[in-house]
Amino acid sequence: MTVGILLICHNDIGGQLIETATDMLERLPTRLDHLDVRQDDDPIDLLNAARRRVADLDSGEGVLVMTDMYGSTPSNIAHRLRDQHDVQVLSGVNLPMLVRALNYPRLPLEQMTAKACSGGREGIIQEGATDRS
């Protein structure tokens, strides 16, 4: 069994990240889905949809939920999922974060979360900045 991954992001950011990661890896090593959040969506409807997706993704190993921006509607929805499921939440999703998580589909939820977080941080590089110290 593997940890499921759910991306809750504004517009189609989550879908685009999944499509790109799938193209890069040429496979999906774990259960993966996304929930698009649009400006006019009802937050209660979104929360209910997110709960259904988490239930579908959770094979007993938990679900890693990634959102695009801490403090925004997707992030607030993600944090509310933790009360009913074995869920870890990361904000600031980027492609390196998602690819890192997908490279470790068999890790336990907490370890996968740490790997994804490090992938996200290490994927942000200011080119040339380290040469000028």
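The buried residues of helix α3 are covered by elements that include β1 (4–10), β2 (32–37), α2 (43–57), β3 (63–67) and β4 (87–91), where contact means heavy atoms within 4.5 Å. Helices (H or I, at least four residues) and strands (E, at least two) are DSSP runs numbered from the N terminus. The model is predicted, with local features requiring pLDDT of at least 70 and side-chain atom pairs counting only at pLDDT 80 or more, while totals for chains, interfaces and linings use all residues. Residues are numbered from 1 along each chain as its sequence is written, and side-chain values use heavy atoms, without hydrogens and water.

In α3 (residues 73–81), P74, S75, I77, A78 and L81 are buried, that is, under 20% relative accessible area with a 1.4 Å probe, protein chains only. These residues lie on the same side of α3, because they cover an arc of only 160° around the axis, taken from the directions from the helix axis to the C-beta atoms.

Four strands form an open sheet in the order β2-β1-β3-β4, with parallel pairing; strands pair if DSSP finds at least two bridges between them. Since β2 and β4 stand at the edges with a single partner strand each, one side of each has no neighbour in the sheet. Neighbouring strands are turned by 20° against each other on average, direction ignored. The parallel pairing of β1 and β2 extends over six bridges, and C9 stands opposite D36 in β2.

Notes. Buried means under 20% relative accessible area, exposed over 50%, partly exposed in between (1.4 Å probe, protein chains only). Axes are lines fitted to C-alpha atoms, for helices over the stretch in contact, and angles run from 0 to 180 degrees between N-to-C directions.
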